[in-house]
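Open the model in your viewer and keep the selection tool at hand. Each stop says what to select and what is there.

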Amino acid sequence: MGDLIGQLLEGLPADALLTDPDVMRSYATDMASFCAAGAPGAVVLPRTVEQVQHVMRTATALRVPVVPQGARTGLSGAANALDGCIVLSLVKMDRIVEIDPVDRVAVVEPGVVNAVLSRAVAEQGLYYPPDPSSWEQCTIGGNIGTASGGLCCVKYGVTAEYVLGLDVVLADGRLLRTGRRTAKGVAGYDLTRLFVGSEGSLGVVVRAVLALKPEPPQQLALAAEFPSVAAACEAVCRIMRRGHAPSLLELMDGTTVRAVNSMARMGLPESTEALLLAAFDTPDPGPDLAAVAELCRDAGATEVVPAEDAAESDLLLQARRMSLPALETLRPATMIDDVCVPRSRLAEMLDGTAAVAERHGLTIGVCAHAGDGNTHPVVCFDPADADEARRARESFDEIMALGLELGGTITGEHGVGLLKKEWLAKELGPVALEMQRGIKAVFDPLGLLNPGKVLDA
């Protein structure tokens, strides 16, 4: 370990290197449950590309694994440390290098917080759409690593659709530039897209060129209450079938609605088994909202509440924002799943999840990006109760199996990390898995970058 620290200090300022065991322990995990973590040998907080290159050259020379990290708000264990590894935290590389309103791009370092970028581009009349629920804490580098999404994905898409180019430090310390900053570009293989969602297993992102959009009008929302999740999911299908393009289409099941009611006194009827929230950010959202309200009533909504203005819209959307904090009050711990299914199978996914909860005697609330079919079943449990923790893990796996049975995927935006790598193999199949392992070997032949994450060796 002395060799590691000594060689790292040859190219780093002393304040960029943390070696105190208690301090390093705070960098050992992200926010995932049931994911093992080790004790780092060193934590490095670089401020420059050259410092990142030095770390990777040192790691290669000494054959030390490296775990890249952002803000550690992830939910799959992708940022968890290994014994003796270098934790490479990019949070100090937090400059917005450029915002170009003509080319509609932003150039940023990986440690820029999502909300900070969003506000900065808004000052110039621009919009960076990806908005994970942790947007006030999560970093752009972490968003790129997990290909994160957010509430607006139904209209604007996920992070991958906004990453035009990357600067990446490879495992051996070389600097790779991918992609472009032009509106179009198809030269060569799309290496940029390859790094998005790779969870730090192929290289360390040190700069990104991100596409921006003109800032849309303030969205206007409605809330619709339903007596069953099946009725709410039918409304989702009708809305999408009619060609509407909502800026937000979110669903909360009855368990979640009641948890929010209990915590925040929202005044929603206890009989509500599903709450659907829809919003539009067009110049004149009124006709769309009226049409969606009618579709919801036709599908069985017992109450439809439209907002009169942006302030009322924010009040309606508060319930969705409170979903996870409210569910966290029900038991000492939560485990958040991230299964995405075709919209047409959404009702089966939610009903199946309810059956899993009943079978295991657990509370599982579901909030969903309904317009994407991306569900977030939240398993509530007590980790101090060994039997309950076992049932929680089993229910988590059963929910992922259900998602695959319905033609879905094990993760829509949270990534694979440690938590789901066994399930990734089941989803991909042997041929695709072999190809992905081959790609990993090209970029990281020594297996030093985030080993054990995403793919098994």
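This is a predicted model: local features need pLDDT of at least 70, side-chain atom pairs count only at pLDDT 80 or more; totals for chains, interfaces and linings use all residues.

Residues are numbered from 1 along each chain as its sequence is written, and side-chain values use heavy atoms, with hydrogens and water left out. Helices (H or I, at least four residues) and strands (E, at least two) are DSSP runs, numbered from the N terminus.

**Stop 1: the four-strand sheet**

Select E1, E2, E4 and E3. In that order, the four strands form an open sheet with mixed pairing. Two strands pair if DSSP finds at least two bridges between them. Strand E1 (17-18) and strand E3 (66-69) are at the edges; each has a single partner strand, so one side of each lacks a neighbour in the sheet.

Now pick E2 (residues 42-44) and E4 (residues 86-89). Three bridges pair them in the parallel sense. Click Ala42: its bridge partner in E4 is Ile86.

H3 lies across E2, E3 and E4, and runs at about 165 degrees to E4. Axes are lines fitted to C-alpha atoms, for helices over the stretch in contact (heavy atoms within 4.5 Å). Angles run from 0 to 180 degrees between N-to-C directions.

**Stop 2: the five-strand sheet**

Select E5, E6, E10, E8 and E9. This open sheet has its five strands in that order, with antiparallel pairing. Strand E5 (96-100) and E9 are the edge strands, each pairing on one side only. On average, neighbouring strands here are turned by 10 degrees against each other, direction ignored.

Zoom in on E8 and E10 (residues 204-211). They run antiparallel, joined by six bridges. Gly165 has Val209 in E10 as its bridge partner.

Next, show helix H4 (residues 114-122). H4 lies across E5, strand E6 (105-108) and E10, at about 35 degrees to E5.

**Stop 3: a salt bridge**

Which residue forms a salt bridge with Asp167? Select Arg177: the closest N and O atoms of the pair are 3.4 Å apart. Asp167 is in strand E8 (residues 163-169) and Arg177 in strand E9 (residues 175-179), 10 residues apart. A salt bridge is a side-chain nitrogen of Lys or Arg within 4 Å of a carboxyl oxygen of Asp or Glu. By this rule the count is 22.

**Stop 4: two crossing helices**

Finish with H8 (residues 229-241) and H13 (residues 346-360). Their axes come within 8 Å and cross at roughly 160 degrees. Val229, Ala230 and Cys233 in H8 meet Leu346, Ala347, Leu350 and Asp351 in H13.
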